[in-house]
Amino acid sequence: MPAEVLGEGVPQALMNLHAIRRIATLEEVSALICHLAGPNGGYITGGVIDVAGGLAV
């Protein structure tokens, strides 16, 4: 979940679960969506793309 949605109250313990130690930005998440919806995503027909920053739960 992007940091903008979570707000300022993101506990450090939650960020420590991510390999990169931070929460995604809306720009990072939307970049993937735009890629998949654009001409470069034309050959992708299915699958799961985990935008989790290396979340290890």
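A residue is termed partly exposed when its relative accessible area falls between the limits for buried, under 20%, and exposed, over 50%. All views below are taken from a predicted model.

**Figure 1. Arg21 in the loop between helix 2 and helix 3.** Arg21 adopts a positive phi of about 60 degrees, although this residue is not a glycine. Most residues other than glycine have a negative phi.

**Figure 2. The salt bridge between Arg22 and Glu28.** The side chains of Arg22 and Glu28 meet at 2.6 Å, N to O. The structure holds 1 salt bridge. Arg22 has a relative accessible area of 35% and is therefore partly exposed. Glu28, at 34% relative accessibility, likewise counts as partly exposed.

**Figure 3. Gly53 and its contacts with His18, Ala19 and Ile20.** Gly53 belongs to the segment after helix 3. When neighbours within four places in sequence are left aside, the contacts of Gly53 are with His18, Ala19 and Ile20. Gly53 and His18 are separated by 35 residues in sequence, yet their C-alpha atoms are 5.7 Å apart in space. Because its relative accessibility is 31%, Gly53 counts as partly exposed. For the protein as a whole, residues 24 or more positions apart account for 33% of the contacts with a separation of 6 or more.

**Figure 4. A nonpolar surface patch formed by Leu36, Ile44, Ile49 and Val51.** The patch made by these four residues covers about 320 Å². One of its members, Ile49, is located in the segment after helix 3 (26-37). The relative accessibility of Ile49 is 48%, so this residue counts as partly exposed.

**Figure 5. Overall setting of the close-up views.** The secondary structure of the protein consists of 3 helices and 0 strands. Read from the N terminus, the order of elements is α-α-α. Of the 57 residues in the protein, 14% are buried. The accessible surface of the protein amounts to about 4400 Å², and carbon and sulfur atoms contribute 62% of that area.

Key:
Residues are numbered from 1 along each chain as its sequence is written. This is a predicted model: local features need pLDDT of at least 70, side-chain atom pairs count only at pLDDT 80 or more; totals for chains, interfaces and linings use all residues. Side-chain values use heavy atoms; hydrogens and water are left out. Patches are made of residues with over 30% relative accessible area and no salt bridge: like charges are joined within 9 Å, nonpolar side chains (Val, Leu, Ile, Met, Phe, Trp, Tyr) within 5 Å. Accessible areas come from the Shrake-Rupley method with a 1.4 Å probe; for residues, only the protein chains shown count as cover. Helices (H or I, at least four residues) and strands (E, at least two) are DSSP runs, numbered from the N terminus. Buried means under 20% relative accessible area, exposed over 50%, partly exposed in between (1.4 Å probe, protein chains only). Contact means heavy atoms within 4.5 Å.
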